[in-house]
Structures are given as structure tokens and as C-alpha cells.
Amino acid sequence: MGELLSQVTSDVQTLFRQEVELAKTEVRQEATKAGKAAGMYGGAGFAGYMTLLFLSLAAVLGLANVIDGGWAALIVTAVWAVVAAVLYARGRARMRTVSPTPEKTVETMKENAQWARHPTR
């Protein structure tokens, strides 16, 4: 009986080690994919920034035909300030809903630990 229990304990330990290795491998692969995607997002963000910069410049120059150039620049700046304030408020509200703890994983690990302590239950 003791030998059987020893073998089961050894098998459970091996299983946990293999699961951890599998998780590490999956995380590495997903992190690599995420890194490449993040680089593309960065490039797209820069391209979008340049687009908005030149669009803003065109808006200032277009408004400068109707009103003084300084006022035209101030109006375009005020529009961007409002956009920034709205985006900041929405981002802050969403960030407050983020939970830094992986709750499902913690619960699953607790269940695994409980099972490992009492496999017959």
C-alpha cells in the first residue's frame, strides 16, 4: 500500500511539473506572437499619429483662410484637448475594472492542491 501511495505521489508530482512546463512553453509562444502584434500596433499607432498631425495641420491652414491663423491653431488645439480628455476619462474608467489577479487560475490551482492532498474525495 505504501509503495502504491509513493508511486501515485510521484506520478502527481511529475504531472504537475509537466503541466508547469507546458504552461511555460505556451506562455513563451503566446508572448512571442503578442510581441510581434505589439510591434505592428506600434507602427500603426505612429502612422495614425502622423495622419492626425497632418490632418490637424490641414485643418489649421483651412481655418486660417477664414479667420486669423493663431485663432485657427487654437481652435484645432482645443478640439484635440477635448478628445484627449474624453479618451483619458474612458480609459481610466475601464482601468478601474481590471483585476490584476488571475482569479480562475488561482481557483483551479486551489482545487488541484486540494485534490492532491485528498485524491479519494
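Predicted model: local features only at pLDDT ≥ 70, side-chain atom pairs only at ≥ 80, totals over all residues.

A residue is called buried when its relative accessible area is under 20%, and exposed when that area is over 50%, with partly exposed in between. By this criterion, the buried residues of helix α1 are Val-12, Ser-56 and Val-60.

**Helix α1**
- Helix α1 comprises residues 2-64.
- The 63 residues of α1 should span 93 Å at 1.5 Å a residue, and the separation of 89 Å between its end C-alpha atoms agrees with this.
- The cover over the buried residues of α1 includes α2 and α3, the latter formed by residues 103-117.

**Packing of α1 and α2**
- Two packed helices are described by the angle between their axes and the distance between the axes.
- The axes of α1 and α2 (residues 69-95) come within 8 Å and cross at roughly 140°.
- Angles over 145 degrees would count as roughly antiparallel, and those from 65 to 115 as roughly perpendicular; α1 and α2 are therefore oblique to each other.
- The crossing in which α1 passes α2 is right-handed.
- On the α1 side, the contact is made by Leu-52, Ser-56, Ala-59, Val-60, Leu-63 and Ala-64.
- On the α2 side, the contributors are Gly-69, Ala-72, Ala-73, Ile-75, Val-76 and Trp-80.
- By class, the residues of this contact comprise 10 nonpolar, two polar and no charged.

**Ser-56**
- Ser-56 is located in helix α1 and belongs to the contact with α2.
- Its relative accessible area is 14%, so Ser-56 is buried.
- When neighbours within four places in sequence are left aside, Ser-56 is in contact with Val-76 and Trp-80.

**Thr-32**
- Thr-32 is likewise part of helix α1.
- With a relative accessibility of 45%, Thr-32 counts as partly exposed.
- Thr-32 and Trp-80 are 48 residues apart along the chain, and their C-alpha atoms are separated by 35 Å.

**Arg-117**
- Arg-117 lies in helix α3.
- The relative accessible area of Arg-117 is 59%, and this residue is therefore exposed.
- Arg-117 and Thr-9 are 108 residues apart along the chain, while 9.7 Å separates their C-alpha atoms.

Note on methods: Residues numbered from 1 in each chain as written. Heavy atoms only, no water. Axes fitted to C-alpha atoms, helices over the stretch in contact; angles between N-to-C directions. Helix = DSSP H or I, 4+ residues; strand = E, 2+ residues; numbered from the N terminus. Parallel < 35°, antiparallel > 145°, perpendicular 65-115°, else oblique. Left-handed = near helix turned anticlockwise from the far one by under 90°. Contact = heavy atoms within 4.5 Å. Nonpolar A, V, L, I, M, F, W, Y, C, P; charged D, E, K, R; others polar. Buried < 20%, exposed > 50% of the residue type's maximum accessible area, 1.4 Å probe, protein only. Expected span 1.5 Å × (residues − 1).
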